[in-house]
Amino acid sequence: MAQSFYQNFKLGVLGGGQLGRMLIQSGVDLNINFSILDPDADAPCRSLAEFTCGKLTDFATVMKFGQKCDLLTIEIENVNTEALKQLVSQGKKVFPQPEVIELIQDKCKQKEFYRDKGIPTAEFILVKDKEEVRKNLSFLPAVNKLGREGYDGRGVQLLRTEKDIEKAFDASGLLEKLIDFEKEIAIIVARNEAGQLVTYPAVEMVFHPEANLVEYLFAPAQLKKSVAAKADAIARKVITELGMVGLLAIEMFVTKEGDVLVNEIAPRPHNSGHQTIEANVTSQYEQHLRAILNLPLGDTTIIMNSAMVNILGEPNYTGLAQYEGLNEVLKVAGAHVHLYGKKLTKPFRKMGHVTIVDNDMESLKKKAKFVKDHLKVIA
Ligand SMILES: Nc1ncnc2c1ncn2[C@@H]1O[C@H](COP(=O)(O)OP(=O)(O)OP(=O)(O)O)[C@@H](O)[C@H]1O
Ligand SMILES: [Mg+2]
C-alpha cells in the first residue's frame with residue numbers, strides 16, 4: 001500500500017532540542033519531512049528541518065504552526081494543549097493525544113491516575129503550599145514535588161526531617177513517601193493507532209548525586225526474571241490505560257523486596273532510551289515515528305549490552321561550548337559520541353551523550369567511567 005507520507009507530508013514537532021534532533025535523524029531514513037517549533041533560535045534542530053522560532057506554550061503560535069502540518073508530535077511536555085485539542089477538533093492528528101500530555105504535565109494528576117487505575121506507585125498526598133507540607137510532618141521522610149513544570153530534578157526536594165521543611169516548595173504539588181529503592185529502572189513502551197504494542201527491555205539508571213540527572217545508564221538492567229516481568233507488565237498496563245499512541249517512557253523504582261513502583265512517565269523519546277540507537281534493533285526514535293504514523297512497530301531486541309553517559313556542562317563554566325577529551329573518547333572501542341549542537345554551555349546542561357556497546361558488563365562500566373572522566377564541556 002502506498003504511504004501518504006512519502007509526498008508532501010509534514011510532521012510537526014513541538015520542541016527542537018536533542019530529542020527532536022535524533023528524531024529527525026531517524027526520520028531521514030523513512031523520508032519524512034519535519035517542521036520544528038522551538039522558542040530558542042539556536043535550538044539543536046535549527047538547521048536540520050524547516051524551523052519556526054516561537055513559544056510552545058502560546059495558543060496562537062501553536063495553532064498557526066499546527067495548521068501547516070499533517071501530523072503533530074512533541075519532544076517536550078510543556079506545550080499549549082488547548083491549541084492541540086483545537087487542532088484535533090479541526091481534524092489534525094496529534095500523537096501523543098493532547099489529553100495524555102495534559103495529564104502528564106501535572107504530577108498531581110499523574111499520581112491520581114496511577115491510584116485510580118491500580119498502578120503501583122509511592123504513597124502520596126497532594127499539597128497546596130509550604131504550609132500544607134508543614135501540617136503533614138508525620139508524612140516525612142518524603143519527597144516534595146512541584147505539580148507542574150519541574151524537570152531534570154529541579155522540581156524535586158527531599159525532606160527528611162522537620163529541619164528540611166524550609167526547603168519545601170511554596171506551590172501546588174505533592175508529598176511522596178521516600179522510597180528506599182534498590183534500583184531505578186526505565187522501560188520504554190510504544191503503541192500505534194492499530195493498538196500494536198511493544199516494550200523495550202528495562203534499563204538501569206544511576207543518578208548524579210548533586211544535579212539529580214541521570215549520569216550513567218546500563219542496558220539491560222540486571223534484574224531477576226520475575227521483577228523484569230513485573231515491570232514489563234506495568235509498562236503495558238500504563239500505556240493501555242492511557243490509550244496513548246506514541247512512545248512512552250516509564251521511570252520506576254525497584255525496592256529491596258522486589259516490588260516495582262512507577263515514579264513518573266514521559267510521552268516521548270526519553271533520556272533513558274538514547275542507547276537504543278546503537279544497542280537495539282529499532283531505536284526509540286524510529287519506534288516513535290512508527291507508532292505515530294501507525295506503521296508496524298519495530299523489533300526492540302538488544303543487539304549488544306550498552307552504557308550511556310550524559311555529557312553535562314561542567315560546573316563553573318558558562319559560555320560558548322568547547323569539548324575536551326573528544327579524541328580520547330573516540331578511541332574507546334564501542335563508543336559513539338552524540339553532540340547536541342548547543343552553542344552555550346551551562347553547569348549541568350545536557351550537551352551530549354556517549355553510548356558504549358560492549359557485551360562484557362565489567363568492561364562496559366570501566367569504559368563508561370573513562371568517558372565520564374575524560375569528555376568535558378567547558379567554555
Ligand atoms: N518517592 C521517591 N523516593 C525516593 N527517591 C525519589 C522519589 N521520587 C523521586 N526520587 C528521586 O528523584 C529523582 C527525580 O525525580 P522525578 O523523576 O520525579 O523528577 P524529574 O525532575 O521529573 O526528573 P527527570 O526530569 O530528571 O526525569 C528520581 O529519579 C529519584 O532518584
Ligand atoms: Mg524523572
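Which strands does α9 lie across, and at what angle does α9 run to β4? Helix α9 lies across β1, β2 and β4, and runs at about 140 degrees to β4. Angles run from 0 to 180 degrees between N-to-C directions, and axes are lines fitted to C-alpha atoms, for helices over the stretch in contact.

1. Basis of the note. This is a predicted model, in which local features need pLDDT of at least 70 and side-chain atom pairs count only at pLDDT 80 or more, while totals for chains, interfaces and linings use all residues. Residues are numbered from 1 along each chain as its sequence is written, chains are lettered from A and ligands numbered from 1 in the order in which they are written, and side-chain values use heavy atoms, with hydrogens and water left out.

2. The parallel sheet. Helices (H or I, at least four residues) and strands (E, at least two) are DSSP runs, numbered from the N terminus. Two strands pair if DSSP finds at least two bridges between them. Strands of a sheet pair through backbone hydrogen bonds, either parallel or antiparallel. Five strands form an open sheet with parallel pairing, in the order β3-β2-β1-β4-β5. Its edge strands, each pairing on one side only, are β3 (50–53) and β5 (93–94). Within the sheet, strand β1 (residues 10–14) pairs with strand β4 (residues 71–74) in the parallel sense over four bridges. Opposite Val 13 stands Thr 73 in β4. Helix α1 packs on this sheet, touching β1, β2 (33–38) and β4, and its direction makes about 175 degrees with that of β2.

3. Two helices in contact. Helix α1 (residues 18–27) packs against helix α9 (residues 284–292) at an angle of about 75 degrees, and their axes are 8 Å apart. The two helices, α1 and α9, are therefore roughly perpendicular to each other. For these labels, angles under 35 degrees count as roughly parallel, over 145 as roughly antiparallel, 65 to 115 as roughly perpendicular and the rest as oblique. On the α1 side the contact (heavy atoms within 4.5 Å) is made by Leu 19, Met 22, Leu 23, Ser 26 and Gly 27. Tyr 285, Glu 286, His 288 and Leu 289 make it on the α9 side. Of the residues in the contact of α1 with α9, five are nonpolar, three polar and one charged. Here Ala, Val, Leu, Ile, Met, Phe, Trp, Tyr, Cys and Pro count as nonpolar, Asp, Glu, Lys and Arg as charged, and the others, Gly among them, as polar.

4. The antiparallel sheet. An open sheet of four strands shows antiparallel pairing in the order β6-β9-β7-β8. Its edge strands are β6 (124–127) and β8 (156–159), each of which pairs on one side only. From one strand to the next, the twist averages 25 degrees. Strands β6 and β9 run antiparallel and are joined by four bridges. Val 127 has Gly 173 in β9 as its bridge partner.

5. Strand β10. Is strand β10 (residues 181–191) largely enclosed or open? Nine of its 11 residues are buried, so β10 is largely enclosed by the rest of the structure. Buried means under 20% relative accessible area, exposed over 50%, and partly exposed in between (1.4 Å probe, protein chains only). Strand β10 pairs with strand β14 (residues 246–255) in the antiparallel sense over 10 bridges, and Val 254 in β14 is the bridge partner of Lys 183. Strand β12 (residues 203–207) runs antiparallel to β10 and is joined to it by three bridges; there Ile 185 stands opposite Glu 204. Strand β11 (residues 197–199) also pairs with β10 in the antiparallel sense, over three bridges. The hairpin of β10 and β11 has five residues between the strands, and in it Gly 195 takes a positive phi near 95 degrees.

6. Salt bridges. A salt bridge is a side-chain nitrogen of Lys or Arg within 4 Å of a carboxyl oxygen of Asp or Glu, and by this rule the count comes to 25. In one of them, Lys 107 pairs with Glu 264, with the closest N and O atoms 3.5 Å apart. Lys 107 lies in helix α5 (residues 107–117) and Glu 264 in strand β15 (residues 260–266), so the pair ties together parts that are 157 residues apart in sequence. Lys 107 is buried, with a relative accessible area of 14%.

7. A further salt bridge. Lys 256 forms a salt bridge with Asp 180, and the closest N and O atoms are 3.0 Å apart. Lys 256 is exposed, with a relative accessible area of 51%, and Asp 180 is exposed at 57%.
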